[in-house]
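Please walk through this structure with me, one site at a time. Keep the sequence and the 3D view side by side.

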Amino acid sequence: MESQRSLLVIAFAIVSFFLWQDWQKDYGPKPVVPAQTAINSPNASAEPQLSASGPLSSTTTAAAVVNEGKVIEITTDVVNVKIDTRGGDIISLVLPKYTLSLEDNTPYPLMRQLNGFNYTAQSGLLGDGPDEKRTAKPVYSVTQDKFALAEGQTELNVSLKLEHNGLQIEKRYTFSAGKYDVRVDYIVTNTSTGSKVIQPYHYLAQTIENGKDGNMMMPVYRGGAYSTTDQRYEKFAFEDMQDQNLDLATKGGWVSMLEHYFVSAWVPQAEEQNQLFSLVNNNEGIIGVRGPQSSIAAGESKTLTATFYAGPKDQASLAKIAHGLDLTVDYGWLWFISQPLFWLLQQIHNLVSNWGLAIIAITLLIKLAMFPLTKAQYEGMAKMRNLKPKIDELQARYKDDKQKMGPAMMELYRKEKVNPMGGCLPMLIQMPIFLALYFVFVESIELRQAPFIFWIKDLSVMDPYLVLPILYIVSMYAMQKLTPVTVTDPMQQKIMLWMPVVFGLFFIIFPSGLVLYWVVSNLISLAQMLYIYKGMEKKGLHVRNA
């Protein structure tokens, strides 16, 4: 079983490599590049300068007199939103159905302006609109300060109005019961005697913080992401924004800001030609989209529509909003395996109503489905062990003639009908599934604050009493006892002896749902090993050392 243990080490190394790779990409040191930020001075405006006719710029101009707006509040069953009438932008968005933690019942503040940290969703009209190279945001009028979705009401419209440059502008937010996506309409009427040209834009802005979430073994990405016709899903971290501006033309597309379990996104019309952009302004990372220019004849009205989403990374909901938006639930390069596994996990949960039991059930199903590979793996290793005396004999006979040893070994394998890779290949085939399950357990919001039994109140965080990591170590030692090591080198023996402890120490910081999977997998493996070994011993194969 040395090869199995070696492959376990390789498997752990592979997992560690991909974690390290992701950590380096999202959190590792970057080249020092001067940020494209606005110049801070007492007379400078903090507003990024956007234009329909020229390139994007974060250069500031002398500050104009700022018209004071007011903050209005919108309450639905799933979001609490604050909108500043100065600009008509979302400056706060709280998710009442999600709390900060099991210990802190404060509703989760996804977007906010607090203690120097800003995270907002902004939009406007360029060209002949009020936001062309603006030095101060326009102030919209509104009929009331508070809006609430009544019980039984399916939609709530919040209308903000403005007159500018011969244009009557209505910025309308439409909230729906039970939904985190919001329709944002610009209804523009040209009351002048000449034609007008407008261009909509939408962007997300977030303060760039030096501190990072998570740790090296459990990295948590916070930053931007986008989609184009060529790139279904691509991360664009704050460091990338500081390095260079995003400037991509695409049909449809979307932009977003990500954190572990939550996402905000602007989704323009899918049939339109849009321009994705980014910039850094006063230490704020900005990622957004500009729509096409629209000409409005005198007396004509036009409606420009986009969708804004801010909420949990719910794959089913996100997939309905935009192509590829569900990939913000980042399962990594094995997403095509992780997504079916997550679907299966959901179906099991629908039956058992407990995510911990669902993890146990899916582990059992996967181990049963892979039993033929597991059986081939153990039988292959057993056959190789039975050939060891003959292999030793060949090595002694041809110890001074390496050229003859190779063909002699291959002839021995052919004669005995043994594949030297028979014990390795099944393990390598199973590895992508193990890795895919890892990403499912780490990324899926359904496991956030999901209880199992007794002491495990949240499957997305570490086991508070370390019971599962200890059970993992015990199960690994049981597997070692069942298949003892034949190596005689004292150093290798010590490595094998301490390997379960080393793995267990890593598992301390892993989500308890992931460790639960490994513990159950080990227990099932033990049962399978006993069953397979008994069958092989009946055939006269030497399986374990005396």
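Start at Glu416, which has its place in helix H8, residues 402-416. The model is predicted. How exposed is Glu416? Glu416 has a relative accessible area of 30%. Buried would require under 20% and exposed over 50%, so Glu416 counts as partly exposed.

Now look at the surroundings of Glu416. Leaving aside residues up to four places away in sequence, Glu416 touches Leu387 and Lys390. Lys383 is 33 residues from Glu416 along the chain. The C-alpha atoms of Glu416 and Lys383 are separated by 8.9 Å.

Turn next to the aromatic rings. The model holds 18 aromatic pairs. One of them joins Tyr472 and Phe507, with 4.5 Å from centre to centre. Their planes stand at 45 degrees, and the pair is tilted. Where do the two residues lie? Tyr472 lies in helix H10 (residues 467-482), and Phe507 lies in helix H11 (residues 490-507). The pair therefore ties together parts that are 35 residues apart in sequence. Tyr472 and Phe507 are buried.

Stay with Phe507. Its relative accessible area is 3%. The cut-off for buried is under 20%, so Phe507 is buried. Phe507 also pairs with Trp518, and here the ring centres are 6.2 Å apart. The planes of Phe507 and Trp518 meet at 40 degrees. Stacked needs under 30 degrees and edge-to-face over 60, so this pair is tilted. Trp518 lies in helix H12, residues 512-538, while Phe507 lies in helix H11. The pair of Phe507 and Trp518 thus ties together parts that are 11 residues apart in sequence.

Which residues form the aromatic cluster around these rings? Tyr472, Phe507 and Trp518 are among its members.

Trp498 takes part in a nonpolar surface patch, together with Leu497, Val502 and Phe506. The patch covers about 380 Å².

Arg232 lies over the face of Trp335, and the distance to the ring centre is 5.5 Å. Lys235 lies over the face of Tyr221, at 4.4 Å from the ring centre.

How values were computed
Residues numbered from 1 in each chain as written. Predicted model: local features only at pLDDT ≥ 70, side-chain atom pairs only at ≥ 80, totals over all residues. Heavy atoms only, no water. Phe/Tyr/Trp six-rings, centres within 6.5 Å; stacked < 30°, edge-to-face > 60°. Helix = DSSP H or I, 4+ residues; strand = E, 2+ residues; numbered from the N terminus. Buried < 20%, exposed > 50% of the residue type's maximum accessible area, 1.4 Å probe, protein only. Lys NZ or Arg CZ within 6 Å of the ring centre and 35° of its normal. Contact = heavy atoms within 4.5 Å. Patch = residues over 30% accessible without salt bridge, like charges linked within 9 Å, V, L, I, M, F, W, Y side chains within 5 Å. Areas by Shrake-Rupley, 256 points an atom, 1.4 Å probe, with all protein chains shown as cover. Salt bridge = Lys/Arg side-chain N within 4 Å of Asp/Glu carboxyl O.
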